Amino acid sequence: MQKIADVSEFVELTPAAEVKAARHGWRAKCLQRLIRLDLPVPATVALPVETVRAIAMGVMPDTARIAAHFGPDFLVSVRSSPENPEWGGPGTVLNVGMNDVMHQKLVESHGPEAADALYLRFVQSYAIHVARLDPDMFHGGPGPGALAAALAAFESETDEPFPQAPARQLAEVLRSMARAWEGTTARLLRQAKGAPPDAVLGLLVQRMALGIGPGISGSGTMQFVDSVTGAPRITGRFRGQSQGRRMAQDTLFLTRDPRGPSLEELAPDVFAELRGYGAVCRARLREEMQIEFTVEGGRVAVIDALRVVRSSRAAVKIAVALAEDGVIPREEALLRVEPRALSELLHYQVDPRAPREPFARGIAASPGAAVGRIVFTATAAQASAARGEPCILVRRETGPEDIRGMHAAVAVLTERGGMTSHAAVIARGLGLPCIVGCSDIHISGREKVLRGPGGQSFSEGELITVDGTNGEVLSGAAEMLEPALDDGFRTLLRWAETVCDIGIRANADTPDDARTARMFDADGIGLCRTEHMFFDEDRLTVMREMIFADTPNDRRIALERLLPMQRADFITLFDIMAGQPVCIRLFDPPLHEFLPHDREGMRELAEALGRSLSEVSRRVEALSEFNPMLGMRGVRLGLTVPEIYDMQARAIFEATVEASRRGAPVVPEVMIPLVSAAREVEIVKTRIDAVAAAVRTEMKAEFAYRLGVMVETPRAALRAGEIAEHAHFLSFGTNDLTQMTYGLSRDDAGRFMSAYVNQHVYAEDPFHILDVEGVGELLLMGASRGRAARKDVTISVCGEHGGNPESIAFCRAAGFDYVSCSPFRVPVARLAAAHFAL
Ligand code: PEP
Ligand code: MG
């Protein structure tokens with residue numbers, strides 16, 4: 001004996017009914033809200049999830065009571081109602097209850113053509129989706145004889161006539177939808193969208209609103225904002241005499257349109273009524289909704305309402321507009337925008353509506369998209385820019401000698417590297433779309449071709465698109481959307497600032513970076529990497545002279561030439577930042593990075609310095625290191641060639657006096673990189689104090705400065721207590737700290753990172769998302785030891801993690817004072833921090 005499911009538990013959607021999203025699904029809940037708002041929703045009953053589950057398990061539903069509930073003219077649709085609208089669900093089945101009797105009634109009320117079309121449509125969808133017959137046999141459109149043919153085909157395939165009992169039809173439809181939800185493909189699809197393995201489905205049975213008949217009749221959807229821009233605009237569709245796409249006869253524009261008739265013109269009352277429902281939904285459901293409706297002889301029925309699908313830029317605009325109109329509080333507007341989505345607004349973006357053809361994928365290192373012609377060298381990039389042709393710099397990896405090429409390019413693509421490799425860091429600073437670690441591609445610099453994994457090849461000068469937001473390289477020129485730094489964006493950022501309880505600074509090396517930081521209201525500069533200031537042609541040569549100096553005197557002469565350049569740099573930064581804190585990191589990278597690597601470069605250098613080629617090669621060789629990341633870097637250079645830091649300190653202090661004289665007072669922050677012992681700090685501090693004293697006397701001016709230390713070696717984190725005794729602030733350089741904690745080269749990790757993440761060795765790329773368990777423990781230990789030694793020590797993070805929402809949550813929970821990230825990541829960081837504060 002087959003068990004009968006107790007469907008007596010169905011609930012009619014009335015204003016007072018007990019309807020819960022967890023028990024009846026979101027659509028049931030949403031429809032009940034519409035009913036409470038007095039919208040004309042056709043009679044609807046909801047089956048709870050446990051009944052649907054039982055039906056799926058093979059228990060026969062007893063649908064007679066439901067059929068009886070709807071009365072003699074039983075004609076309904078069945079809609080799915082999962083707990084979350086994102087999880088999909090089987091498609092709606094219309095016209096359940098259609099049989100010979102109903103057909104005859106409709107012939108009399110609506111004419112034979114409409115009656116045939118409705119019956120045919122039901123037979124077709126029942127045959128295909130419920131009886132699972134071959135769709136090819138049931139594809140024909142309405143026409144003379146089509147209904148009879150479909151009924152005959154059904155009978156010959158199933159050996160029984162098309163079922164006439166409405167309760168039986170309903171039972172079969174419920175069963176097929178309940179089973180479809182349990183199918184493997186449906187399960188996998190919804191799990192990919194975040195549904196739990198045991199996600200359940202509710203089902204709704206709704207009286208049909210026909211959308212056919214005399215006068216204005218039809219069905220459609222209407223929404224009141226543009227899905228791409230978020231601007232107020234009525235869009236949607238209306239099809240006369242229809243229940244949806246397949247029966248469409250004539251399509252009307254919704255609003256007045258020179259191209260043809262519109263609902264607004266033909267049925268102004270209907271149009272105004274729908275508009276009114278949109279306004280009610282917006283005000284009372286506190287959301288922009290798309291409504292699905294039918295019109296029968298001028299009478300409107302609202303059969304469903306959905307949250308408007310929206311792009312990132314539309315999400316911002318809609319949330320801000322709702323808050324500005326007093327529909328939702330500002331805090332809620334902030335929470336409704338996903339922080340990461342903001343970065344899409346700051347850059348050009350591939351139009352999500354356009355077709356895309358990716359041929360390779362890499363690490364999405366810097367967001368935004370750009371179209372340009374392929375170039376393989378920095379020189380070619382500059383030549384291309386000079387011709388006014390946008391270009392994409394494609395390199396195996398980049399180094400300081402590529403900086404000018406990167407400036408000239410509209411995007412960068414590298415075969416190697418990870419999230420903190422040179423190309424990634426510089427591109428993020430420049431706001432340039434960038435993909436690194438794209439091991440899918442192979443670059444042949446000699447042949448000047450780029451080969452894709454599928455054998456495609458692209459020569460220099462060919463057009464490609466780099467989508468740094470998702471790491472895809474596309475062939476040809478993709479359709480683009482412009483950045484959207486509009487009022488909505490600015491308003492949202494301003495609101496975020498008022499609730500944000502951790503500082504957000506920017507990593508900025510150039511005046512452009514600083515201006516971007518100001519534009520996004522950063523709370524100052526948290527890291528100015530001074531070595532990036534020496535890559536311009538005129539400075540590079542002087543820098544090289546300094547490195548090549550044989551005697552302290554020669555070195556002094558070169559440094560004296562660099563001093564005014566650095567002073568001018570700092571004055572500009574202080575002026576732009578107008579009294580906001582500016583943290584300047586003393587020179588960090590290995591010296592050999594400033595030297596040429598190939599023979600041609602060495603010959604040029606020999607010429608510029610007036611030395612022999614053999615001497616230049618010998619010196620370059622002598623300066624090269626096996627592991628430069630752990631070699632003569634940062635404070636080690638400061639201790640061995642102290643004149644460099646002396647010069648930089650002097651430039652900072654002279655600029656401080658100069659900028660303070662004409663603008664807001666400046667208290668510069670001077671930061672020492674790559675420290676591993678307190679004594680290093682003591683030695684450097686003594687010299688910097690001496691420079692400060694000398695500048696005060698020479699310039700007859702008073703100024704204060706703050707000295708800080710980058711904590712980016714594990715030992716510095718462990719010894720943070722004694723280091724803090726000499727430092728006003730400790731800033732965690734989590735790029736190097738991650739590299740050294742894992743013993744993993746930040747420039748090479750990209751090559752095998754995906755294998756590690758795919759096998760769950762690492763949950764995420766630790767250069768991208770802070771490893772809270774390992775590196776995080778060093779951060780907590782360093783912060784608490786630093787604070788124990790010096791209560792008021794300022795603690796921050798200035799590695800790339802500073803712009804990553806999950807990492808910001810960690811820093812905020814640990815009570816850090818600020819995070820600092822690339823200027824273009826400031827808005828994302830700000831909004832993420834605001835979310836955590838709310
Ligand atoms: C760091 O190491 O985290 C850092 C900010 O410095 P850089 O990336 O310049 O080494
Ligand atoms: Mg570092």
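Three strands, in the order β20-β21-β22, make up an open sheet with antiparallel pairing; helices (H or I, at least four residues) and strands (E, at least two) are DSSP runs numbered from the N terminus, and two strands pair if DSSP finds at least two bridges between them. β20 (442–444) and β22 (457–459) are the edge strands, each with a single partner, so one side of each has no neighbour in the sheet. Neighbouring strands here are turned by 20 degrees against each other on average, direction ignored; axes are lines fitted to C-alpha atoms, for helices over the stretch in contact, and angles run from 0 to 180 degrees between N-to-C directions. Strand β21 (residues 449–451) is joined to β22 by three bridges, and Arg451 stands opposite Ser457 in β22.

The model is predicted: local features need pLDDT of at least 70 and side-chain atom pairs count only at pLDDT 80 or more, while totals for chains, interfaces and linings use all residues. Residues are numbered from 1 along each chain as its sequence is written, with chains lettered from A and ligands numbered from 1 in the order in which they are written.

Strand β16 (residues 369–375) has seven of its seven residues buried, that is, with 20 or more other C-beta atoms within 10 Å of their own; exposed means 12 or fewer, partly exposed in between, and C-beta atoms are placed from the backbone. β16 pairs with strand β23 (residues 463–467) in the antiparallel sense over five bridges, with Ala369 opposite Asp467. With strand β17 (residues 391–395), β16 pairs in the parallel sense over three bridges, and Ile374 stands opposite Ile392.

Next come two packed helices. The axes of α21 (residues 552–577) and α25 (residues 642–662) come within 8 Å and cross at roughly 40 degrees. The crossing is right-handed, the near helix being turned clockwise from the far one by less than a right angle. The residues of this contact divide into 12 nonpolar, two polar and eight charged; Ala, Val, Leu, Ile, Met, Phe, Trp, Tyr, Cys and Pro count as nonpolar, Asp, Glu, Lys and Arg as charged, and the others, Gly among them, as polar.

Pro714 lies in helix α27 (residues 714–718). Pro714 counts as partly exposed because it has 18 C-beta neighbours inside 10 Å.
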